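Reader: I would like to learn how to read a model like this one, going feature by feature.
Author: Then let us look at it together.

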Amino acid sequence: MVKHIVDPEKCRGCGKCVENCSLELWVLVDREGGKDKIAQVTEEAALICHTCGMCSEGCPEKAIVIINEE
Ligand code: SF4
Ligand code: SF4
């Protein structure tokens, strides 16, 4: 099981993680209030992410931490 944790203080909704994931496991969603976006993984991500690290390494804000609990 893989967990993806996004730091809401760091994420600025740039969408790089959405672009960088070849499995299309990231989406941008509205933050509370609807003004800004934040990255979120899809439900399948926990099962099919192959922990390539492209999302976390490509994040300019270093907002993503991946935990592999295998
Ligand atoms: S790449 Fe980083 S800052 Fe940009 S949307 Fe994804 S988590 Fe947020
Ligand atoms: S580690 Fe790779 S496969 Fe998993 S969510 Fe990030 S970019 Fe996608």
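Reader: How many helices and strands are there in the protein?
Author: Helices (H or I, at least four residues) and strands (E, at least two) are DSSP runs, numbered from the N terminus. The protein has 3 helices and 4 strands, and along the sequence they follow the pattern β-α-β-β-α-α-β. This is a predicted model, in which local features need pLDDT of at least 70 and side-chain atom pairs count only at pLDDT 80 or more, while totals for chains, interfaces and linings use all residues. Residues are numbered from 1 along each chain as its sequence is written, and chains are lettered from A and ligands numbered from 1 in the order in which they are written.

Reader: Which residues are closest to ligand 1?
Author: A residue is near a molecule if its C-beta atom, placed from the backbone, lies within 6 Å of it. Ligand 1 is surrounded by 13 residues, the closest being C11, C14, K16, C17 and C59.

Reader: And which are closest to ligand 2?
Author: Here C21, C49, C52, M54 and C55 are the closest of 13 surrounding residues.

Reader: What does the radius of gyration of the protein agree with?
Author: Taken over C-alpha atoms, it is set against a globule rule of 2.2 Å times the number of residues to the power 0.38. The protein has 11 Å, which agrees with a compact globule of 70 residues, because such a globule would have a radius of gyration near 11 Å. Along the principal axes, the C-alpha atoms of the protein fill a box of roughly 35 × 20 × 20 Å.
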